[in-house]
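Please read it alongside the sequence and coordinates.

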Amino acid sequence: MSLDPARILDIDPLLDDPKTRIVVCCGAGGVGKTTTAAALGLRAAERGRKVVVLTIDPARRLAQSMGIDALDNTPRRVKGIDDSAGGELHAMMLDMKRTFDEIVEAHADRERADAILGNPFYQSLSAGFAGTQEYMAMEKLGQLRARDEWDLIVVDTPPSRSALDFLDAPKRLGSFLDGRLIRLLTAPAKLGGRAGMKFLNVGMSMMTGTLGKLLGGQLLKDVQTFVAAMDTTFGGFRTRADATYKLLQAPGTAFLVVAAPERDALREAAYFVERLAAEDMPLAGLVLNRVHGSGAAQLSAERALAAAENLALAAAPSAAENLAEARIVDQEDGKAGLRNSPDTYGSSESPASQPAVPEALAPDAGSPAADRINAEGAGTARTIDQLTADLLRLHAERMQLLSREQRTRDRFAALHPEVAVTEVAALPGDVHDLVGLRDIGDRLADGASPTRAE
Amino acid sequence: MSRLQVVSGKGGTGKTTVAAALALALATEGKRALLVEVEGRQGIAQLFETEALPYEERKIAVAPGGGEVFALAIDPELALLDYLQMFYKLGGAGRALKKLGAIDFATTIAPGLRDVLLTGKACEAVRRKDKRGRFVYDYVVMDAPPTGRIARFLNVNDEVAGLAKIGPIHNQAQAVMRVLKSAETAVHLVTLLEEMPVQETVDGIAELRTAKLPVGRLIVNMVRPAILDEADLDLTRDASRAAIAKSLSAAGLGGARRGGGAERLVGPLLTQADEYAERYALEREQRAELQELDLPLHELPLLAEGMDLAGLYELATELRQQGIS
């Protein structure tokens with residue numbers, strides 16, 4: 001049943017290696033990427049590295065606990081970490097519009113920058129375009145790396161339409177803004193008036209005409225002014241996108257694909273693994289979050305359900321419920337051995353054949369309070385047998401979940417046996433403090449499957 | 001009831017699944033529903049276990065009771081060419097534009113345009129009538145972008161207003177907004193009983209309301225079964241481990257004495273009960289937060305066997321029973 005991946009992903013050596021400079025967490029939405037990135041950052045910092053975590057869209061309370069709920073686009077030092085190993089943790093939340101504005105401000109003189117920032121096309125592009133967030137995340141990564149103030153940068157990736165967007169969008173935006181079409185569109189604007197017309201053949205004028213018709217002349221003009229201003233003020237977008245791309249391929253970068261043991265998430269993870277390989281991006285391994293385990297994995301769902309059924313049958317009729325009480329009293333009296341044989345409970349007949357002991361119903365009839373609690377309002381007594389039956393049903397549900405998770409993991413492992421995996425046991429609630437992140441970090445480093453921890 | 005049903009939700013909440021189940025649920029006897037995908041992920045095809053969907057409406061399922069479900073994966077590039085063809089009769093020129101990257105430009109880069117095309121196509125399907133003047137589709141269900149982007153996605157008018165002040169795109173956006181802001185449309189949000197999805201849902205509803213977009217229902221997906229109730233949980237705190245061990249032993253699960261098969265189960269089973277109790281309390285908090293939103297609230301069960309086609313029909317039946325169609 002167990003996954004037995006070819007390799008278990010060992011997180012600590014990866015985080016400790018001074019050659020590891022960038023860790024990128026990627027994967028489908030809703031699998032815990034941000035939490036994983038934050039937990040990795042904290043762990044690395046507490047192991048002595050100077051770390052900055054770049055998060056995209058953290059849960060509010062997690063951001064608050066790290067002190068980065070103010071969206072100011074600069075790394076802030078996280079307080080409250082254990083810095084005895086000499087490490088530091090900084091964190092920041094990406095503000096994509098601000099990042100874009102900063103590029104403009106950094107590369108254009110004041111007047112020109114104002115013109116760009118006020119351009120309606122720019123405003124839409126910087127705030128709304130679906131790829132801007134991806135592009136700006138990569139841009140910010142490049143900037144943080146260039147500052148060289150940190151030994152390790154941990155990056156969370158945007159919740160994209162699909163995992164691939166994050167690799168594609170910067171290139172797409174870059175190649176578009178540097179592309180042939182833009183050159184054509186901007187040629188008249190740059191060269192101005194009649195001179196520009198020489199470059200336009202019939203096809204092109206038809207095209208700009210159509211675009212003008214479609215988008216409205218104003219938009220086209222806005223685009224032209226925008227691109228012309230951008231183009232003359234700083235190097236091509238494509239060059240920047242290419243530089244970021246190379247950074248991702250560099251030996252100091254490690255990709256972690258984050259997933260949960262669910263079909264869709266693992267399918268995305270598999271795509272990502274394939275894509276990273278195709279792009280020569282260094283994959284360190286798979287982080288499998290929210291894996292369920294059980295300390296009682298030796299008891300199968302089927303057996304648990306059958307046992308619960310036995311108990312329910314024994315307890316079902318109301319008369320039998322009284323008897324259950326009597327039975328417990330008996331057990332307390334030390335006669336348990338005689339009555340506890342499974343066949344006593346295997347048949348619904350047997351309770352009826354036993355004498356009723358009405359006085360056992362009285363709260364003080366000798367039955368310890370521990371054995372019998374009245375559910376308030378419901379008016380029904382809850383017996384230990386009923387509780388046990390429910391505990392067994394709960395266990396059966398857990399075991400069904402386990403085997404479902406196992407099947408999806410097996411499918412992934414069969415497709416990609418080469419990928420090292422670390423599993424993080426599911427937590428009942430969300431993580432919003434350093435203690436919780438530290439716990440996740442321990443689980444990440446532990447790596448072994450919770451199902452195998454017996 | 002609204003004929004355009006938009007389904008959004010945070011990533012990982014199963015919005016595609018819910019959209020598909022909703023389409024099946026709405027396609028009651030003699031009705032037709034169109035399930036529309038706008039993000040190019042081919043999630044519908046995967047769900048219905050079919051080949052990737054082309055940019056073409058095709059029947060993918062017969063709903064319980066005999067209604068029909070059609071599906072369409074809207075490709076923004078093809079939608080733009082469609083649109084050019086429709087308004088400008090630009091067949092060949094359209095291809096030339098594509099070659100030059102103009103289509104890529106218009107759909108990927110020109111902000112808002114892509115969204116106008118996607119919502120525009122869905123609205124067109126809503127309004128389309130056959131020769132006898134009857135609506136071709138009784139319902140159009142859209143598997144929309146996630147909660148964090150939904151208000152901006154639907155509020156195309158604002159998106160393009162600053163950009164295209166006149167011209168066909170402007171007109172198109174106006175027409176789309178008329179449908180989207182009317183009672184013809186309902187935007188449903190899918191969530192889980194977890195903190196982040198609920199928080200996003202609350203934020204998303206506020207954004208939708210600010211944009212004056214009609215909020216429909218809340219659908220809580222993947223609700224785990226309630227196995228232990230309050231009485232059980234109270235009892236787990238007080239019950240003696242020996243008594244539970246005896247009960248397990250009585251159920252045929254080994255010896256109740258220390259080290260016996262039944263005795264060894266007690267600890268792990270109680271740990272699982274504790275985890276359950278913690279989740280139960282969290283879920284109750286989240287449910288209360290959702291109830292405060294004062295919207296119709298539906299719950300769909302987590303399917304023990306995982307999501308497959310049979311499960312999808314199960315969810316559709318569940319939605320019908322909860323009076324969604």
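1. Two strands are taken to pair if DSSP finds at least two bridges between them. Helices (H or I, at least four residues) and strands (E, at least two) are DSSP runs, numbered from the N terminus. The model is predicted: local features need pLDDT of at least 70 and side-chain atom pairs count only at pLDDT 80 or more, while totals for chains, interfaces and linings use all residues. Residues are numbered from 1 along each chain as its sequence is written, and chains are lettered from A and ligands numbered from 1 in the order in which they are written.

2. Chain A contains an open sheet of eight strands with mixed pairing, in the order S3-S4-S2-S5-S1-S6-S7-S10. Its edges are strand S3 (76-77) and strand S10 (421-425) of chain A, each of which pairs on one side only. Strand S7 (residues 283-291) of chain A pairs with S10(A) in the parallel sense, over four bridges. Opposite Val291(A) stands Ala425(A) in S10(A).

3. Helix H20 (residues 434-446) of chain A lies across S7 and S10 of chain A, at about 140 degrees to S10(A).

4. Val53(A) lies in strand S2 of chain A. Val53(A) counts as buried because it has 31 C-beta neighbours inside 10 Å; the cut-offs are 20 or more other C-beta atoms within 10 Å for buried, 12 or fewer for exposed, and partly exposed in between, with C-beta atoms placed from the backbone. Leaving aside residues up to four places away in sequence, Val53(A) touches Ala37(A), Ala38(A), Gly41(A), Ala91(A) and Val154(A), contact being defined by C-beta atoms, placed from the backbone, that lie within 7 Å. The C-alpha atoms of Val53(A) and Leu89(A) are separated by 7.6 Å, although these residues are 36 residues apart along the chain.

5. Chain B has 14 helices and eight strands, and 52% of its 325 residues count as buried. Strand S2 (residues 32-37) of chain B is mostly covered, with five of its six residues buried. S2(B) pairs in the parallel sense with strand S4 (residues 68-73) of chain B over six bridges, where Ala33(B) stands opposite Val69(B). Five bridges join S2(B) to strand S5 (residues 139-143) of chain B, also running parallel, and Leu34(B) has Val140(B) as its bridge partner in S5(B).

6. Helix H6 (residues 113-127) and helix H9 (residues 168-180) of chain B pack at an angle of about 55 degrees, with their axes 9 Å apart. H6(B) is therefore oblique to H9(B); angles under 35 degrees count as roughly parallel, over 145 as roughly antiparallel, 65 to 115 as roughly perpendicular and the rest as oblique. Residues in H6(B), including Leu113(B), Val116(B) and Cys123(B), meet residues in H9(B), including Ile169(B), Ala173(B) and Val176(B).

Key
Contact = placed C-beta atoms within 7 Å. Axes fitted to C-alpha atoms, helices over the stretch in contact; angles between N-to-C directions.
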